[in-house]
Amino acid sequence: MNLLDVTGLDSYYGDFQALYGIDVSVAHGETLAIIGANGAGKSTLLKSIAGIVVPAHGAIAIDGVDVTRLPAHRRVTAGIAMSPEGRRIFPSLSVEENLLVGGHARRPGPWTLDRVLEKIPLVGDIRTKAGRALSGGEQQAVAIARALMSNPRLLLLDEVSLGLAPVAVEKLYAALPAITAEGTTVLIVEQDVNHALAVADRVQCLLEGRTVLEGPASRFTRAELAAAYFGLSDGSH
């Protein structure tokens, strides 16, 4: 049984349909990269899985248990945590306090405060720093660490590299193997295809709310990925 199964998902913003019949499956311990250009529906997919966007049709299941209509806070206790686009760090709190907020409703598991600080050294080095004083890369590291504090079975990472300097992106991606080594399953949304493929077991490309390519990350050539990403061909496999 997969950890995550999404079937036939249609999601809307008002009258605008953002996702069309999307299917996603993620096995226990797997890392799946969802790639695509701006407006492809990537963030909407994560928000639908996290409970921020309520889908019009389709189903979302964790370990075979339907969570489609659960509110977002109940999905955290079911084992889903999200590091959102834009980070959304509490500016008046220190880094450590931000992490403790993330652990307020924590499930049993390996991710304690000390463990998070150890496995994401960038966060450990700034634990007393105020949220308002953080750089973009530091904010992103704290957002990921805060999500881990709930001990998720499924960690959703939305646009890890967006707006960050290359050196900050490298540091963030360097921390991901330590996260997956603890058994955490990861679903990562990215525009940066190179970084996404470097950490992913499988890749799924969205174009205008539909899946146009899906399979093992090592299976596709750069030309095939580019064609799917930009809609230069149907990308079907």
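**View 1. The lining of the second largest pocket divides into seven nonpolar, eight polar and four charged residues.** Here Ala, Val, Leu, Ile, Met, Phe, Trp, Tyr, Cys and Pro count as nonpolar, Asp, Glu, Lys and Arg as charged, and the others, Gly among them, as polar. This is a predicted model, in which local features need pLDDT of at least 70 and side-chain atom pairs count only at pLDDT 80 or more, while totals for chains, interfaces and linings use all residues. Residues are numbered from 1 along each chain as its sequence is written, and side-chain values use heavy atoms, with hydrogens and water left out. The second largest pocket holds about 210 Å³ of space. Of its 19 lining residues, Asn-38, Gly-39, Ala-40, Gly-41 and Lys-42 are the closest to the centre. Two or more lining residues come from each of β2 (16–26) and α1, and β2 gives the largest share, four residues. A pocket is an open set of points on a 1 Å grid over the protein atoms alone, where a 1.4 Å probe fits, with protein on both sides within 12 Å along at least five of seven lines; lining residues have an atom within 4 Å of a point. Points are joined across faces, edges and corners, and the volume is the space filled by probe spheres set on them. Helices (H or I, at least four residues) and strands (E, at least two) are DSSP runs, numbered from the N terminus.

**View 2. The largest pocket has a volume of about 640 Å³.** Among its 24 lining residues, Ile-52, Val-76, Ala-81, Met-82 and Pro-84 are the closest to the centre. The largest share of the lining, four residues, comes from α2. By class, the lining has 13 nonpolar, four polar and seven charged residues.

**View 3. In strand β6, Ile-80 and Met-82 point one way and Ala-81 and Ser-83 the other.** All four are buried, meaning under 20% relative accessible area (1.4 Å probe, protein chains only). β6 pairs with β7 (residues 154–158) in the parallel sense over four bridges; pairing needs at least two DSSP bridges. Ile-80 stands opposite Leu-154 in β7.

**View 4. Ile-35, Leu-99 and Val-123 touch the most other members of the 47-residue largest nonpolar core.** Such a core is a set of buried Ala, Val, Leu, Ile, Met, Phe, Trp, Tyr and Cys residues joined through side-chain atoms within 4.5 Å. Helix α6 (residues 136–148) gives the most to this core, seven residues. A second, separate core of 25 residues includes Val-6, Leu-9, Ile-49 and Leu-156.

Definitions and conventions. Buried < 20%, exposed > 50% of the residue type's maximum accessible area, 1.4 Å probe, protein only.
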